Amino acid sequence: MQKAYDKVECQFKAIKRFPNITDSSEEKREEIMLENDMLQAVETIRTKSKYTEQYFLKYDGVFRDAKDQNSLILQMESGHVSLQDILKAGKTYPLPELLHVHRKLTEGFSLLQENGIANRDVKPGNVILVENPKVEGSFYFKISDFGIACKVEKGISTVPAASIAGRTKEYAAPEVLLIKDETYDPFLADVFSLGVMVLKMMDKKWTRKEINSKKFMLKENLVGYEPLIELLDGMLQEDPRNRWDFRKILEFY
């Protein structure tokens, strides 16, 4: 993802560039169009009401590069930094702030699920800090990057595991890493990834090995975050059948 200045709207935009489209394989061109279709679907959700605009980046569409007609550009709203950048800078989130960010993200993922969209790459690098234009000094954490997202038809709860590629192993649910020829629930997998992200917001040093061993459940490791023990246990269940879904997480609040 790159940042570019839009001379028409007089503001910076985030762009995802795909060079040499003419020389690309049919499969690659199809992937780009699928990502565009997914972003258009998310944009439809975003514009449904004045409240949903706080969860997702505004998507402008797909364009030919003015300087290189052989390249395509996906253009969207640009934020300040990603949550990953913030964590790398050394920030840890105190309980009240963490609960606020987590609840807003959960509301966003819940909205996606209601519309049959699973992100499938939930991680700090795909959460973008965006200034609230209506309130000075106020910011939203918006969900971004739907490059490997999928659409789940109504009445269907699982998708083939083989259909996902490019996942981030550090945040991926156990069932995504282990199964190859079976199906899985992508929404419950997104819940697990969000749970890992919550731990990283408390302390970025948490390793996957420690998470898998449930070391975070020891009270001495959650000093100051004790109210989160039940929540984290529900989100980070290894067996997805025992894992909380987004609706239950919102009931926690």
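Is Asp245 buried, exposed or partly exposed? At 28% relative accessibility, Asp245 counts as partly exposed, because buried means under 20% and exposed over 50%. This value, like those that follow, comes from a predicted model. Asp245 sits in the loop between helix H7 (229-235) and helix H8 (246-252). Leaving aside residues up to four places away in sequence, Asp245 touches Leu188 and Val191. Both of these partners carry numbers that fall within helix H5 (residues 186-202). Asp245 and Ser110 are separated by 135 residues in sequence, yet their C-alpha atoms are 8.9 Å apart in space.

The overall fold was examined next. The protein has eight helices and eleven strands. Its radius of gyration is 19 Å, close to the 18 Å that the globule rule gives for 253 residues, so the protein is as compact as a globular protein of that length. The C-alpha trace spans about 55 × 50 × 35 Å along the principal axes. Of the 253 residues, 48% are buried. Contacts were also sorted by sequence separation. Among those between residues at least 6 apart, 62% join residues at least 24 apart. The accessible surface comes to about 13,500 Å². Carbon and sulfur atoms account for 51% of that surface.

Rolling a probe the size of a water molecule over the atoms shows where empty space is left. Across the whole structure, two cavities of 30 Å³ or more were found.

The largest cavity has a volume of about 110 Å³. Its lining counts 14 residues, of which Arg120, Asp121, Ala172, Asp190 and Ser193 are the closest to the centre. Helix H5 (residues 186-202) supplies the largest share of this lining, with three residues. By class, the lining holds eight nonpolar, two polar and four charged residues.

The second largest cavity has a volume of about 80 Å³. Its lining draws on several stretches of the chain. Met1, Glu35, Leu39 and Val42 take part, as do Phe56, Leu57, Tyr59 and Met76. Ile143, Ser144, Asp145 and Phe146 complete the set. Helix H1 (residues 26-46) gives the most to this lining, with three residues. The class division is nine nonpolar, one polar and two charged residues.

Technical notes: Residues are numbered from 1 along each chain as its sequence is written. This is a predicted model: local features need pLDDT of at least 70, side-chain atom pairs count only at pLDDT 80 or more; totals for chains, interfaces and linings use all residues. Side-chain values use heavy atoms; hydrogens and water are left out. On a 1 Å grid over the protein atoms alone, a cavity is a set of points where a 1.4 Å probe fits but cannot get out, and a pocket is an open set with protein on both sides within 12 Å along at least five of seven lines; lining residues have an atom within 4 Å of a point. Grid points are joined across faces, edges and corners, and a volume is the space filled by probe spheres set on the points. Helices (H or I, at least four residues) and strands (E, at least two) are DSSP runs, numbered from the N terminus. Ala, Val, Leu, Ile, Met, Phe, Trp, Tyr, Cys and Pro count as nonpolar, Asp, Glu, Lys and Arg as charged, and the others, Gly among them, as polar. The radius of gyration is taken over C-alpha atoms; the globule rule is 2.2 Å times the number of residues to the power 0.38. Buried means under 20% relative accessible area, exposed over 50%, partly exposed in between (1.4 Å probe, protein chains only). Contact means heavy atoms within 4.5 Å. Accessible areas come from the Shrake-Rupley method with a 1.4 Å probe; for residues, only the protein chains shown count as cover.
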